[in-house]
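Thanks for coming, everyone. Please take a look at the structure on the screen, and I will walk you through how its pieces pack.

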There are 2 protein chains.
Amino acid sequence: MDLKQLREKTIKKTREQVKEKLLQKDRLIINLTRTISTIDKTTNLLFEQLRELYGLHFPELSRLRKNIDQYLEIVVNYGKRENIPEEHELKQKAKESAGVELGEKEMKAIISFAEKIKALREERKKLEKLLEEKVKELTPNACEVAGPLIVAKLITEVGSLKKLAELPSSTIQVMGAEKALFAHLKKGVKPPKHGIIFQHPLIHKAPKKQRGPIARKLASKLSIALKVDYFKGEFIGDKLKKELEEEIKTHKIRKT
Amino acid sequence: MDLKQLREKTIKKTREQVKEKLLQKDRLIINLTRTISTIDKTTNLLFEQLRELYGLHFPELSRLRKNIDQYLEIVVNYGKRENIPEEHELKQKAKESAGVELGEKEMKAIISFAEKIKALREERKKLEKLLEEKVKELTPNACEVAGPLIVAKLITEVGSLKKLAELPSSTIQVMGAEKALFAHLKKGVKPPKHGIIFQHPLIHKAPKKQRGPIARKLASKLSIALKVDYFKGEFIGDKLKKELEEEIKTHKIRKT
């Protein structure tokens, strides 16, 4: 093997390795995003069943603890209504409950089931933290502008950072609102103003009328950030973020 | 309060208690049946995601361990491919794998996620055992004839033992095959021969041509058993089961 052949082989190998690495970072982010959304969906389904089961014993708790984690806390910590301590705010309701008594075995099974749901909820938190880290590594600029979870959802929606970086900012703005977009194109109803990026506090906390312009500005900066991230450019996320905030402020002043 | 009033009150109270007890046994069975089927559905969804995640590292395992529990065992016990011991039948495949390397953190998160799915699968087994006990308590005759899980599914399908006990055997036979039944009524295609009761080994292990008659006979005995159970009659399950087996044997002899 001469030097030329060796050189070619080494380059090919390195290229493959790089490609694989990139591929992996994308895919890990996409897989983690999907896993988290599946955990959300499944814990909701399991929780519905838990409420039916534990509801035999303490039907009023559904109304008193609407939050899934708070409901789980009561079941896991106390089980039977009578175990709720005297000073607990739920004690009176527990005493007056219309629920029936369940056997020891049944209660144990229900508590154990509740623990599994709780463990899944905790798992979700851990995976989300890992996801945030991974997205920040891959797209530091985009994360600075829009936050890691929105960026993760956008990458997952299109399937890769490459594809996402190639999209115009107007597409990024409405991505995830395809249903409304097609209704607009087919039936002529108003076009959607925001899709996945609606989850950004700058948009969903803004008054309804300002959301459209803010979404446009956010998508525009995000689209620049994604291109820089994809081509491994310098960190300009802080600059982009500042510009965005300035533009929104100016826009608001102009409006009022 | 005179004696008559007291008597009436006591009867009323007892009736309520009995009603509640009955209600509870029904409802617990229905809730447990639904919970088990929800766990099946959700663990499948979660497992799909795990395969995507762990598939980054060891994509070949999907083909090598199609069974969910066996797949989970590998992930939970070994994690990284290199941890699979030399003498393990998967070692060679693990060495040749096209999967990429994952960081320690990523692998830890994936293993922990796999453990949660495994725990849910074990929970399901525990709940199924409890369900079997509860169904046997409520409907000993029906369980002897058709097995507790089929009886639980039938009760869940109609919503109570009372309603189920009132149904004719022909309805019990096709319950759970409503789609095929309505296709028969509307489009005149062949009627279904069995619904939920198809899960009984006497039916699904029989040759296709004999399944119809066997399903009819099983449904007939089951319907008697359910009525006896609902009215708290004596245990005649063993007698019914023996009759059923005799009838099927005679039917087969006549056929051949």
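Start with helix 5 and helix 7 of chain A. A:Leu131, A:Glu132, A:Val135 and A:Lys136 in helix 5 meet A:Pro148, A:Leu149, A:Val151 and A:Ala152 in helix 7. Contact here means that the C-beta atoms of two residues, placed from the backbone, lie within 7 Å. Helices are DSSP runs of H or I with at least four residues, strands are E runs of at least two, and both are numbered from the N terminus.

How do these two helices of chain A pack? Helix 5 and helix 7 (residues 148-158) of chain A lie with their axes 9 Å apart, at an angle of about 80 degrees. Axes are lines fitted to C-alpha atoms, for helices over the stretch in contact, and angles run from 0 to 180 degrees between N-to-C directions. Helix 5 and helix 7 of chain A are therefore roughly perpendicular. The cut-offs: under 35 degrees is roughly parallel, over 145 roughly antiparallel, 65 to 115 roughly perpendicular, and the rest oblique. By class, this contact of helix 5 with helix 7 of chain A has 6 nonpolar, no polar and 2 charged residues. Nonpolar covers Ala, Val, Leu, Ile, Met, Phe, Trp, Tyr, Cys and Pro; charged covers Asp, Glu, Lys and Arg; the others, Gly among them, are polar.

A word on the model itself. This is a predicted model: local features need pLDDT of at least 70, side-chain atom pairs count only at pLDDT 80 or more, and totals for chains, interfaces and linings use all residues. Residues are numbered from 1 along each chain as its sequence is written, while chains are lettered from A and ligands numbered from 1 in the order in which they are written. Chain A averages a pLDDT of 91, and 96% of its residues score at least 70. pLDDT is the predictor's confidence in each residue, from 0 to 100. The model scores ipTM 0.85 and pTM 0.85.

Next, helix 3 of chain A, residues 68-78. The axes of helix 3 and helix 5 of chain A come within 9 Å and cross at roughly 140 degrees. That makes helix 3 oblique to helix 5 in chain A. Helix 3 of chain A contributes A:Asp69, A:Leu72, A:Val75 and A:Val76, and the residues from helix 5 of chain A include A:Ile110, A:Ala114 and A:Arg121. The contact of helix 3 with helix 5 of chain A has 7 nonpolar, no polar and 4 charged residues.

Now across to chain B. 28 residues of chain A are in contact with 28 residues of chain B. Which element of chain A gives the most to the side that touches chain B? Helix 1 of chain A does, with 14 residues. That side of chain A divides into 12 nonpolar, 7 polar and 9 charged residues.

Helix 5 of chain A also packs on helix 5 (residues 104-138) of chain B, at about 160 degrees, with the axes 10 Å apart. That makes helix 5 of chain A roughly antiparallel to helix 5 of chain B. Residues of helix 5 in chain A that meet helix 5 of chain B include A:Phe113, A:Lys116 and A:Leu120. The tally for helix 5 of chain A with helix 5 of chain B is 12 nonpolar, 2 polar and 10 charged residues.
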